[in-house]
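Please look over the sheet, the helix packed on it and the pockets of this model. The report below takes them in turn.

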Amino acid sequence: MNEKNYPKSLISVEKELYLNGRKKRYDIVVFHPNGNIHILIECKAPKVAITQQTFDQIAQYNMELNADVLMVTNGLQHYYCKMDFDNACYHFLVDIPNYS
């Protein structure tokens, strides 16, 4: 909120959702003002290494959620990517975008 200027009202923390009939939980979601998901964030403990499996977990959630940007963090390492739905791929970013 302080660095990227996202309004607190657009941020949701630790909520449940259903994917393929199974109850899941997301760590943090940042919404667009229209209610669509802008950023999906998966948080791990500092002792948990960020691996391909960790990234696959958030990518699977995003198949249903369609967030524009994904972030995975363990508090020490942070990875960001922007989804390219037209080409069915993603592009890694240096940081999450500022709120505009």
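Thr-73 has His-78 as its bridge partner in E5. In this predicted model, local features need pLDDT of at least 70, side-chain atom pairs count only at pLDDT 80 or more, and totals for chains, interfaces and linings use all residues. Residues are numbered from 1 along each chain as its sequence is written, and side-chain values use heavy atoms, with hydrogens and water left out.

**The sheet**

Val-69 also has a bridge partner in E5, namely Lys-82. E4 and E5 (residues 78-84) are antiparallel, with 5 bridges between them. Strands (E, at least two residues) and helices (H or I, at least four) are DSSP runs, numbered from the N terminus. Two strands count as paired if DSSP finds at least two bridges between them. The hairpin of E4 and E5 has 4 residues between the strands, and Gly-75 there takes a positive phi near 85°.

E5 and E6 also run antiparallel, joined by 5 bridges. Tyr-80 faces Leu-93 in E6. Between E5 and E6 lie 4 residues of a hairpin, and Ala-88 in the turn has a positive phi of about 50°.

| Hairpin | Residues between the strands | Positive phi |
|---|---|---|
| E4 and E5 | 4 residues | Gly-75, near 85° |
| E5 and E6 | 4 residues | Ala-88, about 50° |

Contact here means heavy atoms within 4.5 Å.

**A buried glutamate**

Which residue of E3 deserves a look? Glu-42 is found in this strand. Glu-42 is buried, at 6% relative accessible area. The cut-offs are under 20% for buried, over 50% for exposed and partly exposed in between, with a 1.4 Å probe and protein chains only. Leaving out residues up to four places away in sequence, Glu-42 touches Asp-27, Gln-57, Ile-58, Tyr-61, Met-71, Val-72 and Thr-73.

**The pockets**

A pocket is an open set of points on a 1 Å grid over the protein atoms alone, where a 1.4 Å probe fits, with protein on both sides within 12 Å along at least five of seven lines; lining residues have an atom within 4 Å of a point. The volume is the space filled by probe spheres set on the points.

The largest pocket has a volume of about 320 Å³. Its lining has 15 residues, with Met-1, Lys-4, Ile-41, Met-71 and Ile-96 nearest the centre. E2 (22-31), E3 (37-43) and E4 (69-73) each supply at least two lining residues. E3 gives the most, with 3 residues. By class, this lining has 11 nonpolar, 1 polar and 3 charged residues. Nonpolar covers Ala, Val, Leu, Ile, Met, Phe, Trp, Tyr, Cys and Pro; charged covers Asp, Glu, Lys and Arg; the others, Gly among them, are polar.

The second largest pocket has a volume of about 170 Å³. Residues lining the second largest pocket include Leu-19, Arg-22, Gln-57 and Tyr-61. H1 (52-65) gives the most to this lining, with 5 residues. The lining holds 3 nonpolar, 3 polar and 3 charged residues.
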